[in-house]
Every structure is written in structure tokens, then in C-alpha cells.
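Q: Could we go through this structure together? I would like to begin with the aromatic residues and then move on to other topics.

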Amino acid sequence: MRAFTQHQGLVAPLDRANVDTDAIIPKQFLKSIKRTGFGPNLFDEWRYMDHGEPGQDCSQRPLNPDFVLNQDRYQGASVLLARRNFGCGSSREHAPWALEDFGFRAIIAPSFADIFFNNCFKNGLLPIALDEEVVDELFQQVAQTPGYRLTIDLPAQTISKPDGGVIRFDIDSSSKHMLVEGLDEIGLTLQHADEIRAYEQQRRQQSPWLFRA
């Protein structure tokens, strides 16, 4: 998993509340569990004018010119600005996979669905919850300023704006540690590999009958 310390990125505004995981990555793409390759199908039903299917060449599909991620000024965006309750619906982990594979490193919204929120930290994606008034102000500034970029410092828990303003955000210490160190739950467990092996060896000596073929 990619570590997250500091990141500066172009902001794309998705001005919709209650964006569910089926909108983020539609159900027909859930057949694969490779964790990669989902970026072209992120927000598939909103980005394209036709119906998408797994294995389809997305470069040949007709784009919806009204969808924000298809607009020239937001090409290469890596920070997604969204409205409340982002990531609601089913608990599919493919949603953060698709967002990360597309190129997003952080999502800023007033609130997130709990399961989606936790899945983000397991996949190198930083979800930041801010007061709704602060998010409203960011939407206004993005709309008024082409090329609007934010600098996110996770260790310092700050977001720096182009005008010099700084926004602080909260994050629990364990989630912060996972992202800063680039560790998912398996990685956290493997940090104790020596202790695990020592315990297994001790158990073999104490109860050898448990390990007989």
C-alpha cells in the first residue's frame, strides 16, 4: 500500500450528496478482485454515455461532456471534493480501489459512510471530514479558480489553500499511522512476524502433538 505523508493535488468538485458505492463502481465490475484496473470505470454511468461492461475498451466509449471528471480543467485531479454521506450503500471495497486507481489520493467531504471510510485507510486513500461550511467555501473557491490545488500534510493534519489559509482536520491515531507508514492490516500484523514465529515455535515445543501430520 502506498504511504501518504504530504500531497499537493488538483481538486475536482463532485457536487452531489449521498454518492453511493454503486455509482462509484457499478456492480458489473465487481467480478475481479485484483484491486487494480478499476480506474477507467470509476463513476462509469456518469462518465460515459453508453453502458459499460468488464473488459471494454473505455478509450473508445462516448464521454458525457457534462460530468466534472471529463472537463479539461479537472484532468489529472488527485483530490476529490464531495458532499455529505459520500460512499454510502453497499460495502464493496472496489470503491476505494477504483478511486485510487483513477489517481485520487484524498477525498474531502462533510461526512462519509462508515464502511467506505474505513476501507479507504486500508487502500492508501485519505478521507478527510470537514465542517459543511468549510466544504461549501472550498466548492466556491474551486469554481472560481481554474487549477485550484490543495496541499495536504497528513503528519501535521493540515490542508493548505492557495490563498495561504490553513485548515486543520482530525484523524484517529491508528488510521493516521497506517497511512503514513503505508501499512494495511496485513502489513501491521507482519510487523510482529518475529514474535509470531517465536510463539509458534514455543507452541510446538509445549504441545508437539498439535503439529503432527
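**Aromatic residues and beyond**

A: Phe 86, Phe 112, Phe 116, Phe 117 and Phe 121 form one aromatic cluster. Please note that the model is a predicted one.

Q: How many aromatic pairs turn up in the whole structure?
A: A search of the whole structure gives 10 aromatic pairs. One of them joins Trp 46 and Phe 67; this pair is tilted, with 6.1 Å from centre to centre and 55° between the planes.

Q: Where do Trp 46 and Phe 67 lie?
A: Trp 46 belongs to helix H2 (residues 44-47) and Phe 67 to the loop between H2 and E2, so the pair ties together parts that are 21 residues apart in sequence.

Q: And is Phe 67 buried or exposed?
A: Phe 67 is buried, at a relative accessible area of 2%. Trp 46 is partly exposed, with a value of 21%.

Q: Which residue lies over the face of Tyr 48?
A: That is Arg 61, at 3.8 Å from the ring centre of Tyr 48.

Q: Changing topic: how do strands E3 and E4 pair?
A: Strand E3 (residues 106-109) and strand E4 (residues 126-129) pair in the parallel sense, over four bridges. Ala 109 has Ala 129 in E4 as its bridge partner.

Q: Through which helix does the chain cross from E3 to E4?
A: The chain passes through helix H4 (residues 114-121), and this β-α-β crossover is right-handed.

Q: What about helix H3: which of its residues are buried?
A: In helix H3 (residues 94-102), the buried residues are His 94, Ala 95, Pro 96, Trp 97, Ala 98 and Leu 99.

Q: What covers them?
A: The cover over the buried residues of H3 includes H1, strand E2 (79-81), E3 and H4.

Q: Which residue follows H3?
A: Gly 103 follows H3, and its phi is positive, near 130°.

Q: Since H1 came up, where is Thr 21?
A: Thr 21 is in helix H1 (residues 21-24). Thr 21 is buried, with a relative accessible area of 1%.

Q: What does Thr 21 touch?
A: Leaving out residues up to four places away in sequence, Thr 21 touches Gly 87, Cys 88, Gly 89, Ser 90, Arg 92, Ala 95 and Phe 116. Of these, Ala 95 is one of the buried residues of H3, and Phe 116 is a member of the aromatic cluster.

Q: On to the cysteines: how many disulfides are there?
A: The count of disulfides comes to zero.

Q: Is Cys 120 buried or exposed?
A: Cys 120 counts as buried, at 0% relative accessibility. Cys 58 is buried as well, with a relative accessible area of 13%.

Q: Finally, where does Asp 57 lie?
A: Asp 57 lies in the loop between H2 and E2. Asp 57 is partly exposed, with a relative accessible area of 46%.

Q: How many residues apart in sequence are Asp 57 and Pro 40?
A: Asp 57 and Pro 40 are 17 residues apart in sequence; in space they are 9.0 Å apart, C-alpha to C-alpha.

Conventions: Residues are numbered from 1 along each chain as its sequence is written. This is a predicted model: local features need pLDDT of at least 70, side-chain atom pairs count only at pLDDT 80 or more; totals for chains, interfaces and linings use all residues. Side-chain values use heavy atoms; hydrogens and water are left out. Two strands pair if DSSP finds at least two bridges between them. Helices (H or I, at least four residues) and strands (E, at least two) are DSSP runs, numbered from the N terminus. A crossover is right-handed if, with the strands pointing away from the viewer, the path from the first strand over the helix to the second runs clockwise. A disulfide is a pair of cysteine sulfur atoms within 2.5 Å. Buried means under 20% relative accessible area, exposed over 50%, partly exposed in between (1.4 Å probe, protein chains only). Contact means heavy atoms within 4.5 Å. Rings of Phe, Tyr and Trp (its six-membered ring) pair if their centres lie within 6.5 Å; planes under 30 degrees apart count as stacked, over 60 as edge-to-face and the rest as tilted. A charge sits over a ring if NZ of Lys or CZ of Arg is within 6 Å of the ring centre and within 35 degrees of the ring normal.
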